[in-house]
Amino acid sequence: MKQNNSLSSCLHLLLHMAQEDKAVTSEQLATFLDTNPVVVRKMLGGLREHQLVQSDKGHKGGWQLKRPLAQITLLDVYQALGSPGLFAIGNRNDNPQCLVEQGVNRVMNQTLASAEALLLKEFGTLTLLDIGKEFLAYPWHAAPKHLGEHHD
């Protein structure tokens with residue numbers, strides 16, 4: 001089953017953006033994920049609509065964080081990405097009249113809803129600064145920044 005890694009990928013890009021003192025192009029950001037710049041623009045477009053990043057066109061254009069790391073939560077990013085499904089688990093609905101199937105589905109729905117609520121609550125408490133503390137403390141972070149070098 002294919003996993004949705006858009007949240008992880010987006011957090012990755014945002015932390016690289018935070019590392020820079022200037023706007024970063026989608027071409028430069030794409031190198032961090034080994035992907036196409038169009039994928040980066042599409043991903044960051046939703047974040048722009050939610051006021052998490054901004055983009056400028058032109059010679060010195062590119063993408064920048066619109067708010068400090070401490071003011072962007074995982075929940076903000078998750079919601080800006082369209083709240084992708086958190087779980088790959090689903091229910092059978094082949095025989096809706098079956099009491100066993102109904103019972104299993106009811107319990108699974110309640111359990112998954114509780115787990116999702118707990119996870120989203122945690123997302124709301126974690127900021128990009130929390131995630132980036134370790135990354136931002138690396139010795140090479142204080143050195144001159146080069147977008148062409150990938151340090152993951």
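This is a predicted model: local features need pLDDT of at least 70, side-chain atom pairs count only at pLDDT 80 or more; totals for chains, interfaces and linings use all residues.

Me: Where does Asp34 sit, then?
Reply: Asp34 is in the loop between helix H2 (26-33) and helix H3 (37-49).

Me: Why is Asp34 called exposed?
Reply: Exposed means over 50% relative accessible area. Asp34 has 75%, so it counts as exposed.

Me: What makes the phi of Asp34 worth a look?
Reply: Most residues other than glycine have a negative phi. Asp34 isn't a glycine, yet its phi is positive, about 55°. Gln51 is another non-glycine with a positive phi, of about 65°. You'll find Gln51 in the loop between H3 and strand S1 (53-56).

Me: Why is Gln51 called partly exposed?
Reply: The label covers values between the buried limit of 20% and the exposed limit of 50%. Gln51 has 41% relative accessibility, so partly exposed it is.

Me: And how do you know whether Leu11 is buried or exposed?
Reply: Buried means under 20%. Leu11 has 11% relative accessibility, so it counts as buried. Leu11 lies in helix H1 (residues 6-19). Leaving out residues up to four places away in sequence, Leu11 touches Leu74, Val77, Leu128 and Ile131.

Me: How many residues separate Leu11 and Leu128 in sequence, and what is their C-alpha distance?
Reply: They are 117 residues apart in sequence, but 7.6 Å apart in space, C-alpha to C-alpha.

Me: What angle do the axes of H1 and H6 cross at, and what is that called?
Reply: The axes of H1 and helix H6 (residues 128-136) come within 11 Å and cross at roughly 65°. Angles of 65 to 115 degrees count as roughly perpendicular, so H1 is roughly perpendicular to H6. The contact is made by Leu11, Leu14, Leu15 and Gln19 of H1, with Leu128, Ile131, Gly132 and Phe135 of H6.

Me: How many residues of that contact are nonpolar, polar or charged?
Reply: The contact of H1 with H6 has 6 nonpolar residues, 2 polar and no charged. Gly counts as polar here.

Me: Last one: what elements does the whole protein have?
Reply: There are 7 helices and 2 strands. From the N terminus on, they run α-α-α-β-β-α-α-α-α. Buried residues make up 33% of the 152 residues.

Terms used: Residues are numbered from 1 along each chain as its sequence is written. Side-chain values use heavy atoms; hydrogens and water are left out. Helices (H or I, at least four residues) and strands (E, at least two) are DSSP runs, numbered from the N terminus. Buried means under 20% relative accessible area, exposed over 50%, partly exposed in between (1.4 Å probe, protein chains only). Contact means heavy atoms within 4.5 Å. Axes are lines fitted to C-alpha atoms, for helices over the stretch in contact, and angles run from 0 to 180 degrees between N-to-C directions. Angles under 35 degrees count as roughly parallel, over 145 as roughly antiparallel, 65 to 115 as roughly perpendicular and the rest as oblique.
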